[in-house]
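Subject: Structure handover

Hello,

Here is the structure for you to look over. My notes on it follow below.

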Amino acid sequence: MSRIQAVKGMNDLLPGQIGHWHRVEAVLRDVAWRYGYQEIRTPVLEKTELFRQAIGDQTDIVEKEMYVFEDAGGVSLALRPEATASTVRAGNEHGLFHNRKQRLWYMGPMFRRERPQKGRYRQFHQFGIEAFGWPGPDVDAEVIRVGTRVWKELGVAGVKLHLNTLGSEASRTRYRDALRDYFTAHVDSLDGDSRRRLERNPLRILDSKVPETRQIVMQAPSMMDFLESGERENFDSLVDSLSRSGIEPVIDDRLVRGLDYYTGTVFEWVTDQLGSQDAVCAGGRYDGLVASRGGHPTPAVGFAMGLERLVELMSVQDIPADGGNLDVYVISMADQQTAVDIGEALRDAGYRVCEHCGGGKLSNSMKRADQSGARFAVVVGEEEQAEGSVQLKDLRGGRGQVRVPRESLVQTMREIG
Ligand code: HAM
C-alpha cells in the first residue's frame with residue numbers, strides 16, 4: 001500500500017524543531033503583552049468575498065493563491081491567506097471599534113497556494129499586531145518598536161527595516177496617474193503582469209521582480225515628490241521618532257505591498273541570510289479598510305511576521321531553542337507504583353520527569369534513561385524499596401551515584417544543582 005504524504009508546501013513540525021517554535025511563540029506573546037496588546041483569535045475559514053474585497057481582486061493572493069471551496073449552500077469559503085482582513089471583520093462584527101481604540105495581536109496558520117520553496121510555504125504561520133483608532137505617526141513608531149523588540153528579545157541580528165509611505169488617497173491618486181503615464185511610455189519593455197496592472201494598479205509594477213521591468217522601475221517617479229506637506233511632516237516625524245529609539249530605517253521609495261488595503265506608512269524587515277524569501281516581517285497603515293468593510297472610519301496600522309522564516313533565522317544564527325530535555329528518568333525494579341509516586345512528587349516540585357514503562361533488565365532501562373537526555377536517573381531496587389530510599393544517579397554532571405532517603409530526594413537534587 002502506498003503511503004499518503006503531507007500536502008506539498010505544508011510542513012510537519014517535528015519534536016526536534018519544536019524548541020525553537022516554543023521560544024519564538026513565548027517571546028512574541030510576552031512582547032505583545034508588555035506593549036498592552038490583547039489577543040484575538042478568528043476562524044481559519046472566512047467567506048472568500050472578505051479577502052477579495054479587503055486584499056484586492058488584482059493581487060496575486062486573490063488572483064491565484066487562495067484555497068477556495070464551495071460550502072453546502074453555494075457560499076464560497078477560503079482558508080485565510082492573512083489575518084488583517086479577518087481581524088477587521090471581527091472588530092466590525094463585535095463593535096470593537098465603537099468609540100474605542102484597540103491594540104490586538106494574533107498568531108496562527110495562514111494558507112497561500114504559492115510555488116513552494118525554501119521560506120515559502122502553502123501553510124505557514126504568522127504573528128501579527130494591529131492597532132485600531134490612532135492616526136499616527138506615534139502609533140506607527142510604536143508598531144515598529146514592537147517588531148524591533150522582538151528581534152532584540154530573540155537575539156536575532158541583521159534584519160533591516162525598509163520604510164516608505166504611500167501617501168493619502170489624494171496624493172496617491174496623483175502619483176498613480178504619474179506612474180501610469182511613465183510606464184505607458186515604456187510599455188514595450190514591461191512584462192505581461194505589469195502591463196496588465198498598468199491601468200488599475202500601476203503601483204504594483206514597482207514591486208515587479210522581472211529584470212527588464214526593474215530597469216524601468218529604477219527611473220520611475222518617486223512617491224516622496226507627490227506627498228502633501230502634512231504627509232511629509234508625518235513621515236519625517238515617524239523617521240525622527242524611530243531614530244530617537246535607535247532605529248535607522250532604509251527609506252525605500254520603491255517599497256509597495258502586495259495587498260491593496262495599504263495607505264500611508266508601509267514597511268518591511270528584510271535579511272540577507274534567508275535567500276530569496278528575505279522578508280521576515282511586513283506591514284503598514286490601512287486607514288480605509290475598517291470603513292470599507294462597513295465599520296466606523298477607523299485609522300489602523302499593523303504588521304505580520306512569518307514564523308517559519310524567524311525560526312530559520314534563529315537556526316542560521318545558532319540561537320538556542322527552549323531546553324527540551326528531561327530532568328529525571330525514574331526506574332523502579334520493585335513495583336511500578338513506586339516509580340509513579342516518585343515521579344508525581346518530583347513533578348510537584350517542578351521537575352520534568354518520565355517514568356520507565358514496560359519493565360525489563362536494569363541495564364536496558366539505564367540505556368533508556370541515558371537516551372532520554374535526562375539529567376538524573378532515580379533507581380529503586382528491592383533493597384531501596386524496603387528501606388524507603390532511592391539511588392540518585394547524575395547522568396550528565398559526573399557526580400556519580402548516591403543513595404538518599406526518598407523524602408530528601410528533592411533536597412539532594414537541588415543541592416547538586
Ligand atoms: P504579507 O507581507 O503578505 O503581509 O506577509 C507578512 C509576512 O508573512 C511576510 O513578510 C513573510 O514573513 C510571511 N509570509 C508571507 N507569505 C508566506 C509564505 N507563503 N510562506 C512563509 N511565510 C510567508 C500580510 O500578511 C499583512 N496582513 C501584514 C499586515 C498586518 N499589514 C498590516 N497588518
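**What I found**

Among contacts (heavy atoms within 4.5 Å) between residues at least 6 apart in sequence, 69% join residues at least 24 apart. This is a predicted model: local features need pLDDT of at least 70, side-chain atom pairs count only at pLDDT 80 or more, and totals for chains, interfaces and linings use all residues. Residues are numbered from 1 along each chain as its sequence is written, and side-chain values use heavy atoms, with hydrogens and water left out.

**Overall**

The protein has 15 helices and 16 strands. These are DSSP runs numbered from the N terminus: helices are H or I, at least four residues, and strands are E, at least two. The radius of gyration, taken over C-alpha atoms, is 28 Å, well over the 22 Å that the globule rule gives for 417 residues, so the protein is more spread out than a compact globule. That rule is 2.2 Å times the number of residues to the power 0.38. Of the 417 residues, 50% count as buried. Buried means under 20% relative accessible area, exposed over 50%, and partly exposed in between (1.4 Å probe, protein chains only).

**Sheet**

An open sheet of 8 strands runs in the order S1-S5-S6-S11-S10-S9-S7-S8, with mixed pairing. Two strands pair if DSSP finds at least two bridges between them. S1 (38-39) and S8 (250-251) are the edge strands, each pairing on one side only. S6 (residues 123-132) and S11 (residues 300-306) run antiparallel, joined by 7 bridges. Ala 131 has Val 301 in S11 as its bridge partner.

**Salt bridges**

There are 34 salt bridges. The criterion is a side-chain nitrogen of Lys or Arg within 4 Å of a carboxyl oxygen of Asp or Glu.

- Arg 34 and Asp 30 meet at 3.0 Å, N to O. They are 4 residues apart in helix H1 (residues 15-34), about one helical turn. Arg 34 is partly exposed at 42%, and so is Asp 30 at 33%.
- Asp 60 pairs with Lys 64, the closest N and O atoms being 3.8 Å apart. Both lie in helix H3 (residues 60-65).
- Arg 180 pairs with Glu 199 at 3.9 Å between the closest N and O atoms. Arg 180 is in helix H6 (residues 169-185) and Glu 199 in helix H7 (residues 192-200), so the pair ties together parts 19 residues apart in sequence. Arg 180 is buried at 18%, whereas Glu 199 is exposed at 56%.

Shared partners also join Asp 30, Arg 34, Arg 149 and Glu 153 into one salt-bridge network.

Best regards
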